[in-house]
Structures are given as C-alpha cells and as structure tokens.
Amino acid sequence: GFPPGFWEIYQGAPYTGAILQKLEHRLDDGVVLRKLTFPTIHHSYYRQREALFSISVPWLSEVARDILSNSPPPMSKTETDVVGPIYTRATHLELLKFLFILLENKLRRLFKSSRLR
C-alpha cells in the first residue's frame, strides 16, 4: 500500500511486510519473487521506511543478477493470505491521527526506557 510503512504504524500492526512481485494484468495476482516481514517500528516513520527500503531495494539487483546468470529466482504464486485491502494515500484526517499515534508511541517508548534505568 501507499505510503510505504505508513498503514502498519497507523493500524498498530506488529509486523510490516515487503514483497517483490512480477506484475500481471490483475493487481496482486503476480508471482512473488521475494517476501519478508519484520517487526514494525511504531515510534518513527523515518526509521520504519528506512528499514523497509534497506530490506527490499537490494532485491531488485539480486533478482536481475539471477535472471542474467540463467538461474531464475524461486517464484511462487501469490498466496491468498498475502492479499489484503489495497491502501492508498491517507486523508488529512488520517494524517492528523497518524501524528497523534506517532507521538503516543514515542512517549510510550520514552517512558518505558526511563523506567528501565
């Protein structure tokens, strides 16, 4: 969904997923080339996006290298549990709510770390 990593924080999802998929005529109907999940970084949208991109961007060159060396990447058809709602650009109200969610998550993390000291 768009924007990347946003909706996972917004909805409090424990994990964020990344998929590199061969495109087909129907949305989310292609072959999955790479797939991974990692714990959502709820307190920082910047760090959430950085983690998402640092994990998934190298896949492009890896898959291209595999194809050029005639060892195609392992592929599987999209599983039905992977396909969910298609998220799009947030509304102004959703962006405002997101800012409050981020603030709450940052404060919760701050208080949790200060109690550990």
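Of the protein's 117 residues, 29% count as buried (under 20% relative accessible area; exposed is over 50%, partly exposed in between; 1.4 Å probe, protein chains only). This is a predicted model, in which local features need pLDDT of at least 70 and side-chain atom pairs count only at pLDDT 80 or more, while totals for chains, interfaces and linings use all residues. Residues are numbered from 1 along each chain as its sequence is written, and side-chain values use heavy atoms, with hydrogens and water left out.

Start with the cartoon view. The protein has three helices and three strands, in the order α-β-β-α-β-α along the sequence. Helices (H or I, at least four residues) and strands (E, at least two) are DSSP runs, numbered from the N terminus.

Next, select Phe6, Trp7, Tyr10, Tyr45, Tyr87 and Phe98, which form one aromatic cluster. Rings of Phe, Tyr and Trp (its six-membered ring) pair if their centres lie within 6.5 Å; planes under 30 degrees apart count as stacked, over 60 as edge-to-face and the rest as tilted. By this rule there are seven aromatic pairs. Zoom in on Tyr45 and Phe98: their ring centres are 5.7 Å apart and their planes stand at 90 degrees, so the pair is edge-to-face. Tyr45 lies in helix H2 (residues 45–68) and Phe98 in helix H3 (residues 92–116), so the pair ties together parts 53 residues apart in sequence. Tyr45 is buried at 19% relative accessible area, and Phe98 is buried at 5%.

Then select Asn105, in helix H3. Asn105 is buried, with 14% relative accessibility. Leaving out residues up to four places away in sequence, Asn105 touches Ile9, His42 and His43 (contact means heavy atoms within 4.5 Å).
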